Amino acid sequence: MKRLPLLLPTVLACCTSPMILPPSTDAASSGGREQLDGGSPAPDAHAVRSSADQYLSVSAGWYDTCGVKVDGTIACWGAYKTTPPQSPPAGSFTSVSVGQIYMCGLKTDGTVFCWADVWYTDPYGMTKAPAGTYLAITTGYHEACGVRSDHTLTCWGYSGPNGVPPPGSDALASVSAGDGHTCEVVTGGSVVCWGDNTYGQCTPPQGTFASVSAGHFFTCGIETDGTVACWGLDNHGQSTPPKGAFALVSAGYSHACALTTNGTIVCWGDNSEGQSSPPGGTFTTVTAGSAHTCGVRTDLTVACWGRSVEGEATPP
């Protein structure tokens, strides 16, 4: 699955881009829909697919992707089409965050609207965002969080037995909900995490950070000097980032991608579906999903690459 810059993700809700105040890409969680619709052959996983419309932001989840267009409306593609969930609400939005089977959008009036795949019963109340106005939102596996206009943190849904935000977590610079864990950058630049820590994904290193992105069993953050640090599961090299100067990072399921300071994208970790093979060109943002990645180019079109068996990497 940043802003204030409050950064935020996508987690697959695994997969999130940092939630940054205001618009975010986010991210972040893992899912379980593996079948092709109608028995059609799987598209070329390594193809780069681009949109015709212009977008302000984009968020990649497990098998769904959504973006906010320049007119403020939300467009979604992927399993969203093959297993139609509740339609995105009408109105104008500043950001959207896609999780495993949940999506949340931040409207221009500061209120939050969340929806889920139509076949899901929502036992944890993920679609019931608390009332009030927010600056940023992030959607994870079964949890979503929002930063209110007074910079306090509110979370809803289910995040496991250890999923309660720790005391003193209200002075935020960035927050990201991942797959069973959530991390934030507090005032002063330190990272605080809570939730599942099986692989050390909630044990951040020392340092001063500008943003953080929680993925599936691992977490990455941008330090104030522009370097990327990752911690947690590293079975595909997803927690071993390259050197360089970066503006933002997005942690997915078993890969991560970052936007360099010159606007190009660098990815690392699992590349079995081509999700870590970004196209050339310059971008304004990037979001890593389960096995696909999307970014908004500087001409405001969306490009996606990686697995697209349900159309998640095929923007309209």
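Visitor: Is cysteine 202 buried or exposed?
Guide: This is a predicted model, and every value here is computed from it. Buried means under 20% relative accessible area. Cysteine 202 has a relative accessibility of 12%, so the residue counts as buried.

Visitor: How many disulfides are found in the whole structure?
Guide: The search covers the whole structure. With the cut-off of 2.5 Å between sulfur atoms, the number of disulfides found is seven.

Visitor: What is the handedness of the disulfide of cysteine 66 and cysteine 76?
Guide: The sulfur atoms of cysteine 66 and cysteine 76 are 2.1 Å apart, and the two residues form a disulfide. This pair links distant parts of the chain, 10 residues apart, with cysteine 66 in strand β5 and cysteine 76 in strand β6. The torsion about the S-S bond is about 105°, so the disulfide is right-handed.

Visitor: Are cysteine 66 and cysteine 76 buried or exposed?
Guide: The cut-off for buried is under 20% relative accessible area. Cysteine 66 has 0% relative accessibility, and cysteine 76 has a relative accessible area of 9%. Both values fall under the cut-off, so cysteine 66 and cysteine 76 count as buried.

Visitor: What is the order of the strands in the open sheet of three strands, and what is the average twist?
Guide: The order is β4-β5-β6, and the pairing is antiparallel. β4 (55-60) and β6 (74-78) each pair on one side only, which makes them the edge strands. From one strand to the next, the twist averages 20°.

Visitor: Which residue in β5 stands opposite alanine 60?
Guide: β4 and strand β5 (residues 64-69) run antiparallel and are joined by five bridges. Across from alanine 60, the residue in β5 is threonine 65.

Visitor: Which strands hold cysteine 220 and cysteine 230?
Guide: Cysteine 220 and cysteine 230 form a disulfide, with 2.1 Å between their sulfur atoms. The S-S torsion of about 105° makes this disulfide right-handed. The pair links parts of the chain 10 residues apart: cysteine 220 is in strand β17 (residues 218-223), and cysteine 230 is in strand β18 (residues 228-232).

Visitor: Which strands hold cysteine 294 and cysteine 304?
Guide: Cysteine 294 and cysteine 304 are both buried. A disulfide joins them, with an S to S distance of 2.1 Å. The angle about the S-S bond is 110°, a right-handed link. Cysteine 294 lies in strand β23 (residues 292-297), and cysteine 304 lies in strand β24 (residues 302-306).

Visitor: Which residue has its backbone oxygen 2.9 Å from a polar atom of the side chain of serine 276?
Guide: Serine 276 lies in the loop between β21 (265-269) and β22 (283-288). With a relative accessible area of 12%, serine 276 is buried. Leaving aside neighbours within four places in sequence, its contacts include His255, Cys267, Trp268 and Asn271. The backbone oxygen at 2.9 Å belongs to aspartate 270.

How values were computed
Residues are numbered from 1 along each chain as its sequence is written. This is a predicted model: local features need pLDDT of at least 70, side-chain atom pairs count only at pLDDT 80 or more; totals for chains, interfaces and linings use all residues. Side-chain values use heavy atoms; hydrogens and water are left out. Helices (H or I, at least four residues) and strands (E, at least two) are DSSP runs, numbered from the N terminus. Buried means under 20% relative accessible area, exposed over 50%, partly exposed in between (1.4 Å probe, protein chains only). A polar contact is a pair of N or O atoms within 3.5 Å; within protein, one must be able to donate a hydrogen and the other to accept it, and residues adjacent in sequence count only if both atoms are side-chain atoms. Contact means heavy atoms within 4.5 Å. Two strands pair if DSSP finds at least two bridges between them. Axes are lines fitted to C-alpha atoms, for helices over the stretch in contact, and angles run from 0 to 180 degrees between N-to-C directions.
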